[in-house]
Structures are given as C-alpha cells and as structure tokens.
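Me: I want to go through this structure with you. Quick questions, quick answers, please.

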Amino acid sequence: MTTRAAHPTQAELASQFLQLHRPGEPLLMPNAWDIGSAVLLASLGFEALATTSGGFATSKGRLDGAMTRSEVLAHVAELAAATALPLSADLENCFADDPEGVARTIAEAVEGGAAGASVEDFSGDAEDPIYDLGLATARVEAAVEAAHNGPVRIVLTARAENYIHGRPDLADTIARLQAYQAAGADVLFAPRLDDPGELAQLMASVDLPVSVLAAPSAPNISELAALGVSRVSVGGAFAVAAYGALVNAATELREQGTYGYWELTKTGGRAVRAAFNS
C-alpha cells in the first residue's frame, strides 16, 4: 500500500475552498456521510466535499435532525481528516437559537479541521420554522466572527431555509440573503430555490457566490453555470441513493431469488479498490 500525500494545512484548504467559488464555473461539491464515502468521492476527482446532516443521520439509523451537537462535530472532525480536500460542515442551525451558541458551534468546527461551515435560519420549530430576520442576522454575524477570527479563517455559508420549510417567498429570501451578505458571510445558499427565473432575480440581488442544491427540479449544471451559480451540492441525495441501491438489491434477493445486483458490485468494487488502496 502506498503512503498518502501530506495533508494540506487547514488554512490552505480553507483558502483553496474559497477560491473554488467562481461564478459561472460551479464547484461540484458532493456530500459524504462517512469516511468511506468521503475517500471514494475524493478519488473520483471532486475538488471539495461537504458533510450532510441527513446522510449522517441515516448512517446511524436516524432521521435528519436527530443527531446531537457533539455527534455532528465529531463526525466533521473525522471526515475533515479523511481526505486532502476542503470539507464544508453542514451544522444545521448550529444547535443553538442564540448567537453565542452559534459561535461556539462554528468555533468547534474550526477546531475540528473544517475548511467551511454553514449556518441555517431554520428554528427547528414546526409552527414557526424560520427565525425572525433580526435574530437570524445576528446569528450569521456571530457565525462569521467565529469563522473569520479564530485560529484559521474558514468559509462561512449562510443559508435561507424558506423554500425547504414551506415558505417559497422569493422577496423575503432575497432580503435575508442580502442581510447575511451584509453580516459578512462568504457564500449564500437558499436550498430548493431553483426556478431559473427566481434564481436570476437572486443572482442580480446579491454580490457573493451563490450555492444551489441539486434536485430534480433544478436546472442542469450547464444552465446553472449560465446563471452565474458558484457551487452545487447534493445534500443527502447520494446517501439516500446508496440506500436505495441496497433496497433494490435486497428486494431482488428476497422476492426474485436472483443476483442482478452483482452488476453494481463490479463498479463499486473497482472504485473501492482504487480509492482505498491509495
């Protein structure tokens, strides 16, 4: 077995990560859910990775939102050390309502080796799912302070969660992202806002790199590039797709008694041997 190349410093990874955000040349950033998926994705030529709250929860037999703060931060540190790529940490709402709690979570992600981290404005309250704009902005300000002024400056992504939580309000989403831009965020992200016309309005309203979630309703990568998008991530989709392949294989074995799933093992086996033997 060959020895892996020296791991770049966290500061180098964070700087590299920020530079990869180029409008019109979207960074394709898949979300890994364990060490194996991180190493495999790195071997396939991606330039940066992210964690996924939903994918990580699935790997532990739980639903998205069920992981604890300490579990997520340990997972971030584990994946940050697993490859030589920048890792952006999906920290949900940073496990805190108050700005001070947000800052503590971001600071611990920095300590864990992350090159980037995100903070959501989702409150966790099904009855009132989005934080008031004033509080949401104060939370981003605290996240920025921790991300930019700690031992290493990492990339802070501010997320407006309206569209994920049944509030497809473009005007409010733009106002929020503009406020988060003013608060010092490096990247802006409104998951599930993927209508081309609405994306064009958003792009014209902010000056920072914009990330988009890959989804069936989203434009393809070439179309997103033409709109000026800087980053595309997949959320928990790759993890769920992997579980979907498991369901199909298990169903075939149980109900048909056949082994067609072995076709997938050819692809997977080659990829795993190449990725894990380097």
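This is a predicted model: local features need pLDDT of at least 70, side-chain atom pairs count only at pLDDT 80 or more; totals for chains, interfaces and linings use all residues.

Me: What do the buried residues of α1 pack against?
Reply: They pack against β1 (27-29), β4 (87-90), α5 (99-111), β5 (116-120), β6 (155-159) and β9 (231-233). Helices (H or I, at least four residues) and strands (E, at least two) are DSSP runs, numbered from the N terminus. Buried means under 20% relative accessible area, exposed over 50%, partly exposed in between (1.4 Å probe, protein chains only).

Me: Which residues of α1 are buried?
Reply: Gln10, Leu13, Ala14 and Phe17, in a helix that covers residues 10-19. They sit on the same side of α1, because their arc around the axis is only 100°. That arc is taken from the directions from the helix axis to the C-beta atoms.

Me: What does the side chain of Gln10 reach?
Reply: The backbone oxygen of Val110, at 2.8 Å. Gln10 has a relative accessible area of 19%. Not counting residues up to four places away in sequence, Gln10 touches Val110, Gly113, Ala114, Val152 and Ile154. Contact means heavy atoms within 4.5 Å.

Me: Switching to salt bridges. How many does the structure hold?
Reply: 11. The criterion is a side-chain nitrogen of Lys or Arg within 4 Å of a carboxyl oxygen of Asp or Glu.
Me: Where do Arg69 and Glu108 lie?
Reply: Arg69 is in helix α4 (residues 69-80) and Glu108 in helix α5, so their pair ties together parts 39 residues apart in sequence. The N to O distance in this salt bridge is 2.9 Å. Arg69 is partly exposed at 25% relative accessibility. Glu108 is partly exposed too, at 34%.

Me: And Arg159 with Glu120: buried or exposed?
Reply: Both are buried. Their side chains meet in a salt bridge at 3.5 Å, N to O. Arg159 lies in strand β6 and Glu120 in strand β5.

Me: How far apart are the closest N and O atoms of Asp172 and Arg167?
Reply: 3.7 Å, in a salt bridge. Shared partners join Asp121, Arg167, Asp172 and Arg176 into one network of salt bridges. Arg167 is partly exposed, with a relative accessible area of 29%.

Definitions and conventions:
Residues are numbered from 1 along each chain as its sequence is written. Side-chain values use heavy atoms; hydrogens and water are left out. A polar contact is a pair of N or O atoms within 3.5 Å; within protein, one must be able to donate a hydrogen and the other to accept it, and residues adjacent in sequence count only if both atoms are side-chain atoms.
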